[in-house]
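Notebook open, two chains to look through. I'll jot down what I look up as I go.

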Amino acid sequence: MELILKALGTLFSVLIYPGFLFVSAVGLLLAGFDRKVLARMQKRVGPPLLQPAYDFFKLLGKETLVPSRANKAVFLAAPVIGTASLAVMMLFLPIFGRAPLSLRADLIVILYLLTIPAVALILGGSASGSPFAGIGISREMVVMMAYELPLILVFLAVARKTGGSELCFSLERIVAWQAEHGPLLFHWAMIPAALAMLFVIPAEVGTQPFDAAEAETEICEGPLIEYSGAPLGLFKLNTAIKMFLMTALFCTLFLGGSGVTVTLGPIWLGAALSALLNTLILLALCLAVTLLCMTLVHAVTARLKIEHLFRFYWTVVAGLALISLILVWLGL
Amino acid sequence: MFNKLIADSLSRSPWLYHINTGSCNGCDIELVACLTPRYDAERFGFKLAGSPRHADIVVVSGPITSQSKDRLIRTLEQVPRPFCVVSLGSCPRSGNVFKGSYSVEGPLEKYIHVDVSVAGCTPKPEAIIEGLYQAARILKEKRLAIQQERKEAD
C-alpha cells in the first residue's frame, strides 16, 4: 500500500507538479511575456500573452511529415527525449525548501540533464538529412561547448562557497545555506559568477544574440528545418521550458532562501498555501530574470557569428566565472 | 474540446511561407512591411517561417515563370496539411503586365486551389493583412473539415 502511494506521488510530481504539466504551462507563459515585452520595446502591440501556447496547440493539429531520407525512429524520438529530460530536471530544483528528488550531487545531474535537450536537437537534426540542419547542428555543438565551460565554473564557485572546505553539490543544501547567510547574489565575491550565469542562460535557451544554431534568417531554424506538426511543437515547447528552468536555476543558485512559511489552520492547509506562495515568488523572480537577460538583450543586439560567440564565452564569460572561483577559493 | 482548442489555435497562429515566382519584388517588400512595427501583423500571431514544413499559409507572389513553376509545385507538396494558399498581387491572379509572355505560365489557379487572392499592384499592407486574416479563418474551417472526415471514417 505504502509503495503504491509512493509510486503515485512520484508519478504526480513527474507528470503534473512540479513536472511536465507545470513547467510546460509556466514555460509557455514566460515565453509569451518575452514576446509581448519585446514587442512593446519595439513600439509594437505584440502578440497576445498566450501566443506560444496557441503555436504549440496549432502544431499538434498539423500533419507530421517525415522526409524520405530521414531516419524515422530517431527523427521522431528526439523531441520526446528532450522534453522528458527537462521535466525530470525540474524535480531537482527546490522551490525555496525541499525538492521532490534530491541527491548528494544535484548540480552534476542537472549539468547532464541540461545537455540532453541540446543533444536531442543535434540527434533530430542529423536524422533529418538536410544540409541546413547539418550547418545548424555543427553550430549547436559549438554553442554547447561555449556555454558549458562557464556553467561548470559557476557551479564550482557556488559549490565551494556553500560547502566551506569541501564542495557542496546538493541544491537543497545550497538553498539552506542561503537561508542562513543570505542570497549568494549579495556576497560580493559571487557577483561575477552571477553575471556569467546571466550570460549562460540566453545561450542555453538559444535566444536572439546567441541563436546562431537556429538562425531563422540565414539557415531557416537549422536543425528544425525538416520538422513539422507535433515534433516541431515539442521542440518549441522545449525552448519555452528551458527558459523557465534556466531562470529557475539562477534563482535557486543566487536568489535562494527559506521562502515564506504560512502557519494558518491545519498543517496541510498551511503547507499548501506556503507552497503556492513560494511558487508565485519564484515565478516573479524568473520573470524578472527573463526580462533582464533575454528580452532586453534580444531587443538591443543583433545575432553574433558563431566564432565570435565562442570567443566571447571562453574569454569574457568564463573569465567572470573564473574570477569568482578564485575569490571563493581564497576564502572571500 | 481538445479538437476545438486545436482548431481555434490554428486561426490564431498562422505562420507564413513566402514564395516568389518571378515577382518584381514590390509585393514582397509590402508583405515584409506588414510584419514591421508600423503594421505589426504579429498581433494576430503571423510569423514568417523559413521552411515550407513550418508553414500554415503559403503566400505566392509573381506571375509563375517557367523557371519557377516546378519549384513552386515541389514546394507546395512539402507543406503539411491543413494549409492555405494566398496569391499576393495581380501577377499570380492574372499575369498582370507580364500576361502573354513566352516565359509566363500563370495563373496560379492552374496548379493549386487558391484560398484567398489579394489583388493590387502592389496591394496595400492593410489589404494584405486582411487577406491573411481571412486565410487564417479558412485554416480553422479546413481543420474542422479534416476532423469531420476522421469522425465519419471511424
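This is a predicted model: local features need pLDDT of at least 70, side-chain atom pairs count only at pLDDT 80 or more; totals for chains, interfaces and linings use all residues.

I started with a pairing: Ser87(B) has Ser117(B) in β5(B) as its bridge partner.

Next I looked up how the two strands run. β4(B) and β5(B), residues 116-118, pair in the parallel sense, over three bridges. Then I checked the β3(B) partner. Strand β3 of chain B, residues 57-61, is joined to β4(B) by five bridges, and these two run parallel as well. On that side, Leu88(B) in β4(B) has Ser61(B) standing opposite.

I went looking for exceptions.

Two cis peptide bonds went into the notebook. One joins Arg81(B) and Pro82(B), with omega about -5 degrees. I placed Pro82(B) in the loop between α3 and β4 of chain B. The other cis bond joins Cys121(B) and Thr122(B), and omega there is about 0 degrees. Thr122(B) sits in the loop between β5 and α5 (125-153) of chain B.

Then phi. Asn25(B) is not a glycine, yet has a positive phi of about 90 degrees. I found Asn25(B) in the loop between β1 (15-20) and α2 (26-34) of chain B. Ile64(B), also not a glycine, has a positive phi of about 60 degrees. Ile64(B) belongs to the loop between β3 and α3 of chain B.

Are Asn25(B) and Ile64(B) buried or exposed? I used the C-beta counts inside 10 Å. Asn25(B) has 11 neighbours, so Asn25(B) counts as exposed, the cut-off for that being 12 or fewer. Ile64(B) has 27 neighbours and therefore counts as buried, since 20 or more is enough for that.

**Helix α4 of chain A**

Over to chain A. Helix α4(A) covers residues 72-90, 19 residues in total. I looked up its reach: 29 Å from first C-alpha to last, close to the 27 Å expected.

Where does α4(A) bend? I put the bend at Ala78(A), at about 30 degrees. A proline, Pro79(A), follows within four residues.

Ala78(A) and Pro79(A) are both on my list of buried residues in α4(A), which also includes Phe75(A), Gly82(A), Thr83(A), Leu86(A) and Met90(A). For the spacing I reminded myself that an α-helix has 3.6 residues a turn, so residues three or four places apart point the same way. As for the cover over the buried residues of α4(A), I noted α1 (2-15), α2 (20-41), α5 (106-128) and α10 (229-254) of chain A among the contributors.

**Where the chains meet**

Last entry. I have 19 residues of chain B in contact with 26 residues of chain A. Helix α1 of chain B, residues 2-12, gives the largest share of the chain B side, six residues. By class, that side has six nonpolar, six polar and seven charged residues.

Definitions and conventions
Residues are numbered from 1 along each chain as its sequence is written. Chains are lettered from A and ligands numbered from 1 in the order in which they are written. The expected span of a helix is 1.5 Å times one less than its number of residues. The bend at a residue is the angle between axes fitted to the seven residues ending there and the seven starting there. Two residues are in contact if their C-beta atoms, placed from the backbone, lie within 7 Å. Two strands pair if DSSP finds at least two bridges between them. Ala, Val, Leu, Ile, Met, Phe, Trp, Tyr, Cys and Pro count as nonpolar, Asp, Glu, Lys and Arg as charged, and the others, Gly among them, as polar.
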